[in-house]
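Hello,

Here is the structure I promised to pass on. Please have a look, then read my notes below.

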Amino acid sequence: MSRIVVVTAGLTVPSSTRLLADQIAEATSAQVSARGESVEMDYVELREVASELATFMVTGGIPTPRLTALREQVAAADGLVAVTPVFNASFSGLFKMFFDALDPDGLTGTPVLIAATAGTARHSLVLDHAMRPLFAYLRAVVVPTGVFAATEDFGSHGLSDRITRAASELAAAVLSQGDYSVGGFAPDLAARPRRTSGTQVESDVTPFGDLLRGHTGTD
Amino acid sequence: MQFGIFSVGDVTEDPTTGRAPSEAERIASMTQLALKAEEVGLDVFATGEHHNPPFVVSSPTTHLGYIAAKTDKLLLSTSTTLITTNDPVKIAEDYAFLQHLSGGRVDLMMGRGNTGPVYPWFGKDIRDGIKLAVENYHLLRTLWREEKVNWQGQFRTPLQGYTSTPAPLDGTPPFVWHGSIRSSEIAEQAAYYGDGFFHNHIFWNKEHTEAMVRLYRRRFEHYGHGAADQAIVGLGGQVFMASSEAEAKRVFRPYFDNAPVYGHGPSLEDFTEMTPLTVGTPEQVIERTLGFADYVGDYQRQLFLVDHAGLPTSLVMEQVEMLGTEVVPVLRKEFERRRPAHVPSDPPTHASLVAAGPDAPHHLVEPARARAEELAAAKVDA
């Protein structure tokens, strides 16, 4: 079974951001099931950890227990759905703070579906001008279709069509993950991207002889 | 076990009066803190090293030399000495000189420093932080242990036929700690040389400190310096005490709320829960501090941060007085009561290192070299 984390940065309860996230999650589940597999969705409402994110930021990264759990959850996920409201022509500050709090290798190679909500369709390029570069920097694999929902879209068919297309792309990416075999050759496990939550002390430490090599002043 | 004070040497406005001490006042107050530490029976005073405002502590051996002249028993240490941006040749000279001045009352804690621009100001690149710590420290060890040094590395000009002067007191280099909050490479470095490992502890949850110390202990044993529980561990702690918990919180809260490092963020209560900060009675401090050994194991040095965030000198002196008279005597007794016989109480001191003789592993640049080669060979065979 795969696990997909659905991160939403809506501020009100209920929020249209969460509404969109729910529709995407449901469509993704259906797409995974249609391929004979199963998926579990874990929802993360960033509003609930807003003050912990602020604490993390102003203390140079003191890990609160809940934030640590979320960072581990994201780093272990097979896929991510990220949904933000549009504020001042970009993702919200709360949304960015969460991704700033992740380990730089927390999402490496992870399939991500990006989505955003706004009052008008004039903000729709936020998907490609703000969200896509953010996840590209984090070396995540953003599926081609992003979902943008202006308020008026909640009354149109076009939205559910886009949701279905994006969900289908995410399902395919999640299910093909971990298969690094090429043309009948055995999978190259070394090519698998390194991911880490950054919350644990590395136990497989580099032996000191390797660290010292070239630095003894005599070699 | 050793107990002491470590200071970061920040010049911070007292939020209750709006007044910041002058640099002269702050330096004098740190000196007073060190003298008070000796007066009330604490063992160690450690100063930080910074090269940017709002800190005054740019010249640790000047300050420690002055304190050495005014004290008899106090062990002088650092928290930390920047092994990345300082020239290891100068560290070797300065601290050997301090050993001679103080009669061997010196040890040092190596750190990398966390202020980005300090690296370029001193001609270094922060991305080389770990490599600088590895190469510079290896050179420092060599300078203290070999009379004529021929050396060529990546980060400083080569040395041909160089002799560091003065040689360490009694031919015995000072004991060294390595401090790191989250770099496993530094725990590994401490373990490789059989040096001490210090965890700052005060900005982190105990699970993290526990994991770092466990890694160091495991590797200390791996390199053949002794059993994991015999490795030399030091911890930081942060306390503010009064006769009641309510009073301690009332007095400390404005300093906490406006502190440069964590002010305007978490509440005092949340921070107390997340980190080892204890604001309360001496009894509460004793109970919390004894609990540290439950997760890092029996350890050898406990340093407290008491003089920061604009706390006035009078309040800081009261804190040291309470530590010396009410807290540390109980901690000494209780920590020894729980310590197994084979676990050392104290870290190595100048006296114990001299007593161990010139053939002790401490006098080798790489005491674990043979062992590491054996382990590597065994791995290849297997």
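This is a predicted model: local features need pLDDT of at least 70, side-chain atom pairs count only at pLDDT 80 or more; totals for chains, interfaces and linings use all residues.

**The interface of chains A and B**

Across the interface of chain A and chain B, four residue pairs are in polar contact, both residues at pLDDT 80 or more. A polar contact is a pair of N or O atoms within 3.5 Å; within protein, one must be able to donate a hydrogen and the other to accept it, and residues adjacent in sequence count only if both atoms are side-chain atoms.

Residues are numbered from 1 along each chain as its sequence is written, chains are lettered from A and ligands numbered from 1 in the order written, and side-chain values use heavy atoms, without hydrogens or water.

The two chains bury about 2200 Å² between them, 67% of it on carbon and sulfur atoms. That is accessible area (1.4 Å probe) lost on being put together, summed over both. In chain A, V201(A), F208(A) and H215(A) lose the most area to chain B, together 31% of what that side buries.

Contact (heavy atoms within 4.5 Å) takes in 22 residues of chain A and 36 of chain B.

One helix (a DSSP run of H or I, at least four residues, numbered from the N terminus) is worth a look. α7 of chain B covers residues 206-222. G224(B) follows, with a positive phi near 80°.

Best wishes

Conventions: Helices (H or I, at least four residues) and strands (E, at least two) are DSSP runs, numbered from the N terminus. The expected span of a helix is 1.5 Å times one less than its number of residues.
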